[in-house]
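Have the model open and follow along.

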Amino acid sequence: MAGVLFEDIFDVKDVDPDGKKFDRVSRLKCESESFKMDLIIDINTQIYPIQLGDKFRMVIATGLHEDGVPDDGEYDPSDAAPSRADSFEYVMYGKVYRIEGDDSGSEQGSRLAAYVSFGGLLMRLQGDANNLHDFEMDSYVYLFMKKLAF
């Protein structure tokens, strides 16, 4: 798929590990199945309830359109054109504000962490640098989620 930066299935391993800070938001700690990435993400659980043990598919992409055509970041609900969001239950739009590498000094097994803010809901995706090489500082991304039945 054009414009996709990352895609995997995640297992929710912990919910609000440091205690609940906000009524409508939970912080999830998750682990991916295929790439063994670590994910910490804030989710508005009032509109998208998610619990310990749930599995979800997550895609991070640069645009809403499957063909990879960039958009201006403004959602127009009257636009009848098909969108990548049509296949998902929860969508957020945010900005990559930090990319960190490990300081081990070795190339083999190097890890990166990409940090994204979705209007104050934060995400950290951390793991093998090969899986995060397309993330760029100050770029805007869409996050798409859909729970999986298992």
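Start at S26, which touches V15, D16, K20, I41, D42, I43 and T45, leaving out residues up to four places away in sequence; contact here means heavy atoms within 4.5 Å. S26 is found in strand β2 (residues 25–32), where strands (E, at least two residues) are DSSP runs numbered from the N terminus. With a relative accessible area of 6%, S26 is buried, a label for anything under 20% relative accessible area (1.4 Å probe, protein chains only). The side chains of S26 and K20 are joined by a polar contact of 3.0 Å. That term covers a pair of N or O atoms within 3.5 Å; within protein, one must be able to donate a hydrogen and the other to accept it, and residues adjacent in sequence count only if both atoms are side-chain atoms.

A quick word on the ground rules. This is a predicted model, so local features need pLDDT of at least 70 and side-chain atom pairs count only at pLDDT 80 or more, while totals for chains, interfaces and linings use all residues. Residues are numbered from 1 along each chain as its sequence is written, and side-chain values use heavy atoms, with hydrogens and water left out.

The largest nonpolar core has 30 residues, and M58, I60 and L125 touch the most other members. Such a core is a set of buried Ala, Val, Leu, Ile, Met, Phe, Trp, Tyr and Cys residues joined through side-chain atoms within 4.5 Å. Its largest share, four residues, comes from β1. Beyond its neighbours within four places in sequence, M58 is in contact with residues including F6, F10, L39, L125 and F144. A second, separate core of six residues includes L64, F88, Y142 and F144.

On to the rings: there are nine aromatic pairs, meaning Phe, Tyr or Trp (six-membered) rings with centres within 6.5 Å, stacked under 30 degrees between planes, edge-to-face over 60 and tilted for the rest. F6 and F10 make a tilted pair, 6.2 Å centre to centre with 50 degrees between the planes. F88 and F144 are tilted too, at 5.3 Å and 40 degrees. F88 lies in the loop between β4 (55–61) and β5 (90–101) and F144 in strand β8 (residues 140–148), so this pair ties together parts 56 residues apart in sequence. Ring pairs also link F88, Y93, Y140, Y142 and F144 into a cluster.

Key. Buried means under 20% relative accessible area, exposed over 50%, partly exposed in between (1.4 Å probe, protein chains only).
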